Amino acid sequence: MASVASPVARGVPPIRAGQGHSFLLRRLHSLSGIIPIGAFLLEHFISNAFATNGPRAYADQVKFLTGLPFVPILETVGIYIPLLYHALYGFYIWFRGESNVSDYPWAGNFMYAAQRWTGGIAFIYIAWHTYTMRFSGIHLLTNSQAAFHKVQMELQSPWAGAFYVIGITAASWHFAYGIYLFCAKWGITVSETSRKWMGRVCLVLALTLITIGWVTMAAFFKPQWKNIPEKLPPEQSVERSVH
Amino acid sequence: MAKTVILKIKRQESPKAAARWEEFELTWKPGMNVISAMMEIAANPVTRDGKTTTPIAYDSNCLEEVCGSCAMLINGRARMACSALVDKLDQPIRVEPFSKFPIVRDLAVDRSVIFENLKAVKAWVPVDGTYDLGSGLRIYPTEQEEAYPISRCISCCCCMEACPQFNEDTGFVGAATIAQVRLFNQHPTGKALKHERLQALMGDGGIQECGFAQNCVQVCPKDIPLTKAIADTGREVIKQAIKDFFRG
């Protein structure tokens, strides 16, 4: 060996066997992206897709969700804490990596970089989206029937609309490739073949989520649901306009 | 005029000296590779603009891609210089030392970190003793076929150089060492240290730092299924962690 006296005095240090908690923290980061955050993302896409059935159906779904027992605890333990942990630890991972796509322009390496960018974009979007939808304007937890109106008003701004499109796309991409990475790192998809197939499945999932998101957005621009008021009119008249 | 080959080589006198570039123009010869080009420079160390310089320092040995010594950056990519055929490279050929390892001189870098990592994970079969241990257990051909590709590792460190997660902040162990854990954990006698190897990989800089960019498997000159080894070992490490927690 070249330098016997002090093996690794400079450069990248060797592994610190038996030291630190980064294994637990990193695996928690990985797991939290699937459960509960990924599970919540799916629920959120499905719930919002009720808008395609009209303002009444949308309000009913919001009422169901806001009517769940222990809502503040569900929000805090199931969404806020895991999401913040996943995001902040994610930035920590991002800043410690050294992306090198220009030197090694290969698919996996590109996806490595994209996973960081989509995560960052999704985080900014989610922070803004949570603020506008949950913590400002009409309080939907106590006023579920105003849900359609509130989203529709928000989407009137083309900037907000564009941000929704970007946010939905980034979050879907990040989640779908996150599943691919989870399966590879936890040793579920070990073989080359299984990983190739998982890649395809995740691509389909990403495209499906993006499509659902965009179709849901489009529902708020449908002519028959134009200018939906804060208080929905008596049930029948709205239901009729659906058909 | 005879066909020539142009090389741009990054040079550095000592670990702390500033780096500089030198350009060389050589007469083309059939079958030339980057090492043979540098041998010619050593025979006549004159730069393209006629300045006399010193021969280039680099590690090399076997010249047939099995010793792992001559790994360097050629046109920006980690690879073995002996198998880098000049005819297949864009010119001028850019030759640089590995960027993530301390420079000794010119293209020679200190790669001791991989040996420290291999020691930390006990990448060997424990057969040392004061008495005859008898013959080893039988290894079936199916196991052999799994093990052989991983056993080809030449510790060149290309996988580590190309890895976006291998740097001073993360102190990531790198794909090669993880693959060796996979190899020795499969060995019927090597298995004795399986839990120690897996526990070592849970330390800071361990397998968790892998970002699955998959550059390692692309640059590996020995075509080792590194991503497969990482996925496989990833599962074993998690199983070991759960076992350690619940069973103590």
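Predicted model: local features only at pLDDT ≥ 70, side-chain atom pairs only at ≥ 80, totals over all residues.
View 1. Asn75(B) is placed in the loop between strand 3 (71-74) and strand 4 of chain B. The phi angle of Asn75(B) is near 50 degrees, which is a positive value in a residue other than glycine.

View 2. Is Phe212(B) buried or exposed? Phe212(B) is buried, because 23 other C-beta atoms lie within 10 Å, and the cut-off for a buried residue is 20 or more. The loop that holds Phe212(B) runs between helix 6 (194-200) and helix 7 (215-219) of chain B. Phe212(B) is not a glycine, although its phi is positive, at about 55 degrees.

View 3. Gln91(B) and Pro92(B) are joined by a cis peptide bond, with omega near -5 degrees. Pro92(B) belongs to the loop between strand 4 (77-80) and strand 5 (93-96) of chain B.

View 4. In chain A, the peptide bond between Ile35(A) and Pro36(A) is cis, and omega is about 5 degrees. Pro36(A) sits in the loop between helix 1 and helix 2 (37-49) of chain A.

**View 5. The five-stranded sheet of chain B.** What is the order of the strands in this open sheet? The order of the five strands in chain B is 2-1-5-3-4, and the pairing is mixed. Strand 2 (20-27) and strand 4 of chain B are the edge strands, each pairing on one side only. From one strand to the next, the twist averages 35 degrees.

**View 6. Strand 1 beside strand 2 in chain B.** Strand 1 (residues 4-11) and strand 2 of chain B run antiparallel and are joined by eight bridges. Opposite Val5(B) stands Leu26(B), a residue in strand 2 of chain B.

**View 7. Chain B as a whole.** The C-alpha trace of chain B spans about 75 × 40 × 35 Å along its principal axes. Of the 248 residues in chain B, 44% are buried. Among contacts in chain B between residues at least 6 apart in sequence, 65% join residues at least 24 apart.

**View 8. The contact between chain A and chain B.** How many residues does each chain bring to the contact? Chain A brings 40 residues and chain B brings 45 residues. On the side of chain A that touches chain B, at least two residues come from each of helix 1 (22-34), helix 5 (107-134) and helix 7 (158-185) of chain A. Helix 1 of chain A gives the largest share of this side, four residues. Sorted by class, the side of chain A that touches chain B has 17 nonpolar, 14 polar and nine charged residues.

Methods. Residues numbered from 1 in each chain as written. Chains lettered and ligands numbered in written order. Contact = placed C-beta atoms within 7 Å. Nonpolar A, V, L, I, M, F, W, Y, C, P; charged D, E, K, R; others polar. Buried ≥ 20, exposed ≤ 12 C-beta atoms within 10 Å, placed from the backbone. Pairing = 2+ DSSP bridges. Axes fitted to C-alpha atoms, helices over the stretch in contact; angles between N-to-C directions.
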